[in-house]
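This report is written for a reader meeting the structure for the first time.

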Amino acid sequence: MDTNRLSKTLTAALNSQMTKEAYASQIYLSYAAWADNQGFGGIANFLFRHAEEERNHMMKILEYILRRGAEVQITAIPAPHDNPVSIKKCFEKVFEHEVDNTKAVYKLVKMSFDEEDWATWNFMQWFVKEQIEEETLAMNLLNKIKIAGGDKVNNNALYSLDRDLKNTPDGAGSAQDVTAEKP
Ligand code: FEO
């Protein structure tokens, strides 16, 4: 008796998203190591923590595939692209990456909707909400660099930014926590 509750298409798409989250973790790891090398220990710390968060996303999908009786496929993780050339570029790449990941999440939502796989659709809602948080976090980073001077950001401003980010929570906090249920 076949107890697999996921279609072939969704199994492939979920496995691919799982690898994408692992790839995201590698990207954050590489940026963190780069930032640390540049002397920005606070920013590095923030990015290292976020790499861990991406790995948790990967595990969440892995566990879901298993729970639905389907096969997990662990494949090679693509290498992260080149190191950024500045902190500003680093934050821009983080934002671009999160937007790209949101698109992948939306594709999975649509696929599960089209298949009327409501369990997967429901599972993916967690990621839809999480991506709002992740994009907000990336936008906040870009705003911080903008306030610090944008392209003309000087070392003093970067020093303060580095110190601040060391203690910044991993999730987008404060106003972003407000929801319809928790105004
Ligand atoms: Fe797992 Fe940053 O999305």
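## A loop residue and the helices

Glu116 sits in the loop between α3 and α4. The structure described here is a predicted model. Although Glu116 is not a glycine, its phi is positive, at about 55 degrees. With a relative accessibility of 55%, Glu116 counts as exposed, because exposed means over 50% relative accessible area. A positive phi also occurs just after α1, where Gly39 takes a value of about 95 degrees.

Helix α1 has 30 residues. From its first C-alpha to its last, α1 reaches 44 Å, close to the 44 Å expected at 1.5 Å a residue. Helix α5 comprises twelve residues, 155-166, and its end C-alpha atoms are 16 Å apart, in agreement with the 16 Å that it should span at 1.5 Å a residue.

## Helix α5 and its surroundings

Which residues of α5 are buried? They are Ala157, Leu158, Leu161, Asp162 and Leu165. Viewed down the axis of α5, these buried residues fall within an arc of 140 degrees, so they line one face of the helix. Asn156 and Tyr159, on the other side of α5, are exposed. The cover over the buried residues of α5 includes α2 (41-67), α3 (87-115) and α4 (118-147). At the start of α5, the backbone nitrogen of Asn156 has a side-chain oxygen of Asn154 within 3.1 Å.

## The nonpolar cores

The largest nonpolar core has 24 residues, of which Ile43, Leu47, Ile87 and Phe91 touch the most other members. At least two residues of this core come from each of α1 (8-37), α2, α3, α4 and α5. The helix that gives the most is α1, with seven residues. When residues up to four places away in sequence are not counted, Phe91 touches Ile43, Leu141, Leu142, Ile145, Leu161 and Leu165. Apart from this core lies another, of 20 residues, which includes Ala13, Met18, Ile65 and Phe123.

## Aromatic pairs

Five aromatic pairs are found in a search of the whole structure. Two of them are set out below.

| Pair | Distance between ring centres | Angle between planes | Arrangement |
|---|---|---|---|
| Tyr64 and Phe123 | 4.0 Å | 5 degrees | stacked |
| Trp118 and Trp121 | 6.4 Å | 80 degrees | edge-to-face |

The pair of Tyr64 and Phe123 links distant parts of the chain: Tyr64 belongs to helix α2 and Phe123 to helix α4, 59 residues apart. Both Tyr64 and Phe123 are buried. Ring pairs also join Tyr64, Phe123, Trp126 and Phe127 into a cluster.

The planes of Trp118 and Trp121 stand at 80 degrees, so this pair is edge-to-face, because planes over 60 degrees apart are classed that way. Trp118 and Trp121 both lie in helix α4, three residues apart, which is about one turn of the helix. An α-helix has 3.6 residues a turn, so residues three or four places apart point the same way. Trp118 is partly exposed, with a relative accessible area of 44%, and Trp121 is partly exposed as well, at 30%.

Is Gln131 buried or exposed? Gln131, found in helix α4, counts as buried at 2% relative accessibility, because buried means under 20%. Its side chain makes a polar contact with the side chain of Thr102, at 3.0 Å. Not counting residues up to four places away in sequence, Gln131 touches Glu98, Asn101, Thr102 and Val105. The C-alpha atoms of Gln131 and Val99 are separated by 8.2 Å, while along the chain these residues are 32 residues apart.

Lys88 is found in helix α3. With which residue does the side chain of Lys88 make a polar contact? The partner is Asp151, whose side chain is reached at 2.9 Å. Leaving aside neighbours within four places in sequence, Lys88 is in contact with Leu142, Ile145, Gly150 and Asp151.

Note on methods
Residues are numbered from 1 along each chain as its sequence is written. This is a predicted model: local features need pLDDT of at least 70, side-chain atom pairs count only at pLDDT 80 or more; totals for chains, interfaces and linings use all residues. Side-chain values use heavy atoms; hydrogens and water are left out. Helices (H or I, at least four residues) and strands (E, at least two) are DSSP runs, numbered from the N terminus. The expected span of a helix is 1.5 Å times one less than its number of residues. Buried means under 20% relative accessible area, exposed over 50%, partly exposed in between (1.4 Å probe, protein chains only). The arc is that of the directions from the helix axis to the C-beta atoms. Contact means heavy atoms within 4.5 Å. A polar contact is a pair of N or O atoms within 3.5 Å; within protein, one must be able to donate a hydrogen and the other to accept it, and residues adjacent in sequence count only if both atoms are side-chain atoms. A nonpolar core is a set of buried Ala, Val, Leu, Ile, Met, Phe, Trp, Tyr and Cys residues joined through side-chain atoms within 4.5 Å. Rings of Phe, Tyr and Trp (its six-membered ring) pair if their centres lie within 6.5 Å; planes under 30 degrees apart count as stacked, over 60 as edge-to-face and the rest as tilted.
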